[in-house]
Amino acid sequence: MVILYIDMDYFFAACEQLKNPELKGKVVVIGTNKEDNKMKGVVQTANYEARKYGIKSGIPTKDAYKLYKDLVYLEADEPYYEKTSKTIMDMLKGYGFPVEQESIDEAALDLGDVGYEKGIGIGKEIKKRINNETNLPCTVGISFGKTFAKMACESSKPDGFGIVTENEITDFLKTKPVKALPGIGPKTEEKLKILRINTIGDLSDSDPLLLKEKLGIVGIELYNLSNGIDKSKVVEFEEVLSIGRERTLNEETTDVTVIKNMISELSKEVFEESAKKNFWFKDVGIKVRYADFTQATKSKTLNHYSSSEEEIERIGAVLIKELMNKNNKKIRKVGVRISSLMKGNSQKRLIV
DNA sequence: CAATCGCTTCACT
DNA sequence: CTAACGAGTGAAGCGATTG
C-alpha cells in the first residue's frame, strides 16, 4: 500500500503572495479577525519570513506584532482560497485514485499497490504540476499509511518531498517528540510528559495498558503508531457531522439583547451554510465563552429533522436564556452549531 | 443493555 | 523563561438517560 500526502505550504499566505507579488519577501500574517479588531485575534497562517521571527499559527496577533512590528496583516480571503483549493483537488482527483480531502489545503491519495517506485514518480509529477499550474509551493509525503505519509510530508516542509518506507519507519519515528504524531497536542503531550514519555521511541516502549488508562482509546492508537502500525485509511467521502459559527463580541457583556442579536446573526450564517450544502439537521447547540475564558455549551435534540432558519434561531434563544439564568458572568464569545445532519434530498424525507 | 442525548475536551490552522 | 487570557472550526470522548 502506498499513500501520497499533499500539503500546501503556508497556504493562505502563499495565496496572498500570488495575488499580490509585492508581498514576497515580506513578513506576512493572515489573522482570524478583521483589520479593525485584529489585536483580539490570533494568527491563522504565517509565511516563512514571519516564522523566522517565531510567528506561527495560533499565537495572539498582538504577540506577533511584538515579534515583528512591521509585519503585513491581512484578512482571510476565503473565497479565493476555496477556489484555489478546488483547482488543486480537482487535479488530484483526475488521477483516478481514491482521494481524501483532509482540509482546505491537504489531501491524501491511496495509490494502492503500485509500489514505491511508481508512487514516487506520481508524487513528483503531482508536485510539479501543482507548482506549474497554480504557482504555489507544496510538500509531498509518501509512506505505507496515511498518518505516516502525513508525517513524512510534515517533516519535509517547505517545498519538499519525503519518503518513509516500512524499513525506515522505526528510525524515522523513534527520536521525534511525541508532538510530531498527528493528534497529539499540548494536553496529551503534557500527560505523556508526566509518564516520562517524551519521544515516540519512549511511547513504543511504554505499557499500552497504562496508555489506555490515561488516554483512553487514543492511547492505543498512539501506541500502535509509535510501533510503526498505521491503521488509518483514505476515506473518499468523509461526511460532515456539524456546521457551526462562533464569534467574539466587541465587548464583554451580560446584555441579553446584544447576545441574542449575535445568536441571530450566527444562526443565519449557519443556516445559509447548511442550505448551501442541502443539509437537514436534528440538533441545535450553542456555546458561550465567559470573560474568565471558561466555556459552557447547551444543546437540544429535536424530534424531527429540520431545515428552518427560524428553528435554529428560536432554539438558540431558548438555550442562551437557560445558560444566562444560571449565572450572570460577562460573556465574551458565543457560538451556534447544528449537528445530526442529513442530506435533504427528495429521496429521504425522514420524519422521526 | 445498546442507542441516543447533552456536554466537555482537544487538536488543528 | 514561563505562564498565559487568543479565534474559529470541527471531531471525539464520556457519563447520563432512555426505551
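Tutor: Start with the largest nonpolar core, which has 52 residues. Leu4, Ile6 and Ile126 have the most contacts inside it. A nonpolar core is a set of buried Ala, Val, Leu, Ile, Met, Phe, Trp, Tyr and Cys residues joined through side-chain atoms within 4.5 Å. Buried means under 20% relative accessible area, with a 1.4 Å probe and protein chains only. Domain 1 (12–77) and domain 2 (170–226) both give residues to this core, so it lies between them. These bounds come from an automatic or database domain assignment.

This is a predicted model: local features need pLDDT of at least 70, side-chain atom pairs count only at pLDDT 80 or more, and totals for chains, interfaces and linings use all residues. Residues are numbered from 1 along each chain as its sequence is written, chains are lettered from A and ligands numbered from 1 in the order in which they are written, and side-chain values use heavy atoms, leaving out hydrogens and water.

Now zoom in on Leu4. Among the residues it touches are Ala107, Leu109, Ile122, Ile126, Val140 and Ile142. Contact means heavy atoms within 4.5 Å, and residues up to four places away in sequence are not counted for Leu4. A second, separate core has 26 residues, including Leu302, Leu319, Ile320 and Ile338.

Notes
Buried < 20%, exposed > 50% of the residue type's maximum accessible area, 1.4 Å probe, protein only.
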